[in-house]
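The sequence and the structure come first.

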Amino acid sequence: MAPRSSTRPRGRPRSRRIAGSVASLALASSLLAACSGDSGKPELVWYINPDAGGQAAVAEKCSTDEYTVTTQVLPQDASQQRIQLSRRLAAEDPSIDLMSLDPPFTAEFADAGFLADVPQDARAQLEEQGTFQGAMDAATWEDKLVVFPFWSNTQVLWYRKSFVDKTDLDMSQPVTWDQIIQTAADNGGKLGVQANKYEGYSVWINALVSGAGGQLVENADKGVDLDLTIDSAQGEDAAKVIEDLASSEAAPADLSVSNEGTAGSTFGGDAGSFMVNWTYIFHNYDETDPDVADDIGYTRYPQTVEGEESRPPYGGIGIGVSAFSDNKDLALEAAACLVEPENQGINAEMTGNMPASTAGYDYPALAELYPDDLRQLFQESVDAAAPRSVTPYWSDISSSLQSTWHPPASVNQDTPPESQDFTQQVLEGGRLL
Amino acid sequence: MSTTLQRPPADVSAKPAVSDRSKAENKLGLTLVAPAVVMMLLVTAWPMGQALYLSLFRYRLTAPDDREFIGIDNYVTVLTDSLFWRDTWNTVLIMVVTVAVELVIGFAFAMVMHRIIFARGLMRTSILIPYGIITVVSAFAWQFAFSLNNGFVNAWFSWLPWIAEDTNWFGDHWHAMFAIMVSEIWKTTPFMALLLLAGLSQVSEDMLEAAQVDGATWWQRLWKVILPNMRAAIMVAVLFRALDAYRIFDNIYIMTRGAQDTESISFLTYRQVIEQMQLGLGSALSVLLFLSVLLLAWLIVKLFRVDLASARGEG
């Protein structure tokens, strides 16, 4: 048998194979050139949080002859979105042009120098379209606007009309946490909240403390030397609400692992009574459970302390432009387009994530999807919302809260001082988190 | 005794003469393998050195300008923190319980795989399937199984006095630890079984037959013949699985995210480095994790050596 190397492989003649290889090489290099953006129009990559297609639709709409905006989907969890973006930005990765940022992480990114400043004319555009003050505040770091507010979310108190009808609670008046816990417990209802060990739990704690007239942090501009004010009368009021619910019959069995989704399941179940949740939940049952959809009532977020105006949670998304983008100017131009009122409206229509401006709320389709009083309630709630402290150290503070306030059944009047002490040590680098 | 168990001659002082050809071949071999050795050093030693270096700094990824040399302060912080010791305890507990349970169940599986005549291939494949499943996937499967809303565990086992229809498996420490350990045991018992099967197949049938002829019961054959002859295989299985269990991460990440005090050392390290982006503190934890794995390996090897020596003494 002849040695292997001396045999010619079967198939195409050698000359044709060489020609084929050359053609493949040429094609590959032209593709590489296209990818690198040397030829053709630039591609602006927008890293978005997962949604029902709203951001992709807006990206397509804002693509022009000059550039194309494409989307890449980030993980579901806000903390994971922060991790993925910040690690790549710390490495000055130029492939990120635009990003959807959760408000609590804006300050951290801006402080690290990851974000390009919003130009003055774009700022004027945002003010002109009536961007909510809460959204502007959350998008500002050290007096500079660093993200474009895109949508502004808030929570309201959702209730089952059939359940409330069985009770003597008047939902046309402001209600307190104490009232809804008692009412649910007395009538066999379960109350839906977000109390898993995650960012959503910090959101709830922040809303409760703010609702009592306090805040978690003061002098956030002092960086790591900020003043923690968790250990306060307002902190105790917040702890009391969580303690009361955890020890009440109204607590769902999965309280310590509850999130937006499980709260929605509890609310849609047989024992559904009240739930605090974001705006998009309104159309959650349309397809799956129309009876529940017809039974949904809504009112302002509950008061922590009777008579003290409630401060609903503030959420949303701002669009940041990477300081390391190769196409920073184009990305800033694209971001200004993405947050135009009509685009905010399109996104809200598709995803249920409400606009960040009054002009966005004027988008006609929203009037068909949401009753007038609900749209009014959303806007009023966003205006009154308590944002999480704008500090680059929010993730440390949030994780410390989660460590010391979880599980809800462990919360008592000692929790606020312990939490403050622990968080202080974490900020000083003296404790593991 | 079979020849495979005999030791090589003890005299190693007399070196055989090496021919010129052998020397040349050795040299060629070293030359050929050198790039791979250099590459291995680069990919293993360099990150370890980098972690050691970073662990001496206060360094946060999102505040690079505040980087500061602090010597061994990170190690002091870690070693004086109750969280570190709690997580170490969790990790050791998970390791001891899962390895112990897996050793027993794995041995039973190995016996079945070794002795079965009918449908042997099918049986072996079925037993090994869980090990072929990605840990994250199996963790999700068990999370769903134990879920309060749609899991089957509560529905199937509510006749047991400590399980109710509304038992929240991830609602408190011990329930959550139990669920994590069940998923770990389910996933890795086949690995243990595989290693033990290899040991089992080395036990001489002649010795077993001789013991049977001498009137030894099944139990006596197990304890006096099979297990002593499998000692090396058992040590390897325990060592591999213990080190594997000490690194437990995926199940905890998926099932509880460390809630209910179920965090392991790997998870704590992950959170410092990845979530908190505290590169200095996290690197210190990584170094301590590496050292504790070395210590663990040394302890297990030493433990089995002591046993072997005492067994020989008794024998």
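A salt bridge is counted here where a side-chain nitrogen of Lys or Arg lies within 4 Å of a carboxyl oxygen of Asp or Glu. The side chains of Arg300(A) and Glu380(A) form such a pair, at 3.0 Å from N to O. The model under discussion is predicted.

**Chain A**

Chain A contains 19 helices and twelve strands. Its C-alpha atoms occupy a box of roughly 90 × 65 × 50 Å along the principal axes. Of the 433 residues in chain A, 55% are buried. Among the contacts in chain A with a separation of 6 or more, 74% are made by residues 24 or more positions apart.

**The interface between the domains of chain A**

The domain assignment divides chain A into domain 1, comprising 41-152 + 315-384, and domain 2, comprising 154-313 + 389-428. The C-alpha centres of these two domains of chain A are 26 Å apart. Their contact draws on 27 residues from domain 1 of chain A and 23 residues from domain 2 of chain A.

Together the two domains of chain A bury about 2000 Å², and carbon and sulfur atoms carry 65% of that area. On the side of domain 1 of chain A, the greatest losses of area to domain 2 fall on Leu377(A), Ser381(A) and Ala384(A), which together account for 22% of what that side buries.

Between domain 1 and domain 2 of chain A the count is one salt bridge, and six residue pairs are in polar contact, both residues being at pLDDT 80 or more. The elements of chain A that give two or more residues to the domain 1 side are α3 (78-90), α4 (106-111), β4 (140-141) and α17 (372-384). Of these, α17(A) gives the most, with eight residues. By class, the domain 1 side that touches domain 2 of chain A consists of 13 nonpolar, eight polar and six charged residues.

**The interface between chain B and chain A**

In the contact between the chains, 34 residues of chain B meet 29 residues of chain A. The two chains bury about 2500 Å² between them, with 49% of it on carbon and sulfur atoms. Within chain B, Arg60(B), Thr62(B) and Gln276(B) lose the most area to chain A, together 20% of what that side buries.

Arg60(B) also takes part in a salt bridge, in which its side chain meets that of Glu108(A) at 3.7 Å, N to O. Four salt bridges are found across the interface of chain B and chain A, and 13 residue pairs are in polar contact, with both residues at pLDDT 80 or more.

Several elements of chain B each supply at least two residues of the side that touches chain A, namely β1 (57-60), α2 (73-79), α3 (82-115), α12 (265-275) and α13 (279-314). The largest share of this side, seven residues, comes from α12(B). By class, the chain B side has 15 nonpolar, eleven polar and eight charged residues.

**Summary of buried area**

| Interface | Buried area | Share on carbon and sulfur atoms |
|---|---|---|
| Chain B and chain A | about 2500 Å² | 49% |
| Domain 1 of chain A and domain 2 of chain A | about 2000 Å² | 65% |

Note on methods: Residues are numbered from 1 along each chain as its sequence is written. Chains are lettered from A and ligands numbered from 1 in the order in which they are written. This is a predicted model: local features need pLDDT of at least 70, side-chain atom pairs count only at pLDDT 80 or more; totals for chains, interfaces and linings use all residues. Side-chain values use heavy atoms; hydrogens and water are left out. Contact means heavy atoms within 4.5 Å. Buried area is the accessible area (1.4 Å probe) that two parts lose on being put together, summed over both. A polar contact is a pair of N or O atoms within 3.5 Å; within protein, one must be able to donate a hydrogen and the other to accept it, and residues adjacent in sequence count only if both atoms are side-chain atoms. Helices (H or I, at least four residues) and strands (E, at least two) are DSSP runs, numbered from the N terminus. Ala, Val, Leu, Ile, Met, Phe, Trp, Tyr, Cys and Pro count as nonpolar, Asp, Glu, Lys and Arg as charged, and the others, Gly among them, as polar. Domain bounds come from an automatic or database domain assignment. Buried means under 20% relative accessible area, exposed over 50%, partly exposed in between (1.4 Å probe, protein chains only).
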